[in-house]
Amino acid sequence: IGLGTAYTGLKRYPQASDYFIRAIRLNNAAVGRKNVNLAHAYLGLAQVYEAQAEWPQALTSYQNAIRA
């Protein structure tokens, strides 16, 4: 999550989304569907999508963050 956040700050969105997606996969595999780290990863991914005006993906990621 930290690297995704750093890349978002640098506006390197492809790298940021890669790290958030990795964090989502790792958290799903290790801990399961409901945990705060998963929510943070989805939130970061949503912010990346929002910064790129990818509204449908942003909305889905925000919804996943709420469910996590």
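**Entry 1: order of elements.** I read the elements of the chain from the N terminus on, and they run α-α-α-α. I counted four helices and zero strands; helices (H or I, at least four residues) and strands (E, at least two) are DSSP runs, numbered from the N terminus. I note that this is a predicted model, in which local features need pLDDT of at least 70, side-chain atom pairs count only at pLDDT 80 or more, and totals for chains, interfaces and linings use all residues. Residues are numbered from 1 along each chain as its sequence is written, and side-chain values use heavy atoms, with hydrogens and water left out.

**Entry 2: overall dimensions.** I looked up the span of the C-alpha trace along its principal axes, which is about 30 × 25 × 15 Å. I then looked up burial: 37% of the 68 residues count as buried, where buried means under 20% relative accessible area, exposed over 50%, and partly exposed in between (1.4 Å probe, protein chains only).

**Entry 3: the nonpolar core.** Which residues have the most contacts inside the largest nonpolar core? I found A16, F20, I24, Y42, L45 and V48, in a core of 14 residues. The elements giving two or more residues to this core are α2, α3 (36-51) and α4 (55-67). Helix α3 gives the most, with six residues. A nonpolar core is a set of buried Ala, Val, Leu, Ile, Met, Phe, Trp, Tyr and Cys residues joined through side-chain atoms within 4.5 Å. In soluble globular proteins, nonpolar side chains tend to be buried together.

Leaving aside neighbours within four places in sequence, I24 is in contact (heavy atoms within 4.5 Å) with L38, A41, Y42 and L45.

**Entry 4: the aromatic pair.** How many aromatic pairs does the count come to? I found one, with rings of Phe, Tyr and Trp (its six-membered ring) pairing if their centres lie within 6.5 Å; planes under 30 degrees apart count as stacked, over 60 as edge-to-face and the rest as tilted. Y7 and Y19 form a stacked pair, 5.7 Å centre to centre with 15° between the planes. Y7 is in helix α1 (residues 2-9) and Y19 in helix α2, 12 residues apart.

**Entry 5: Y19 and R22.** I recorded Y19 as partly exposed, because its relative accessible area is 26%. R22 lies over the face of Y19, at 4.8 Å from the ring centre; the rule asks for NZ of Lys or CZ of Arg within 6 Å of the ring centre and within 35 degrees of the ring normal. R22 is placed in helix α2 (residues 13-30). R22 also counts as partly exposed, because its relative accessibility is 49%.
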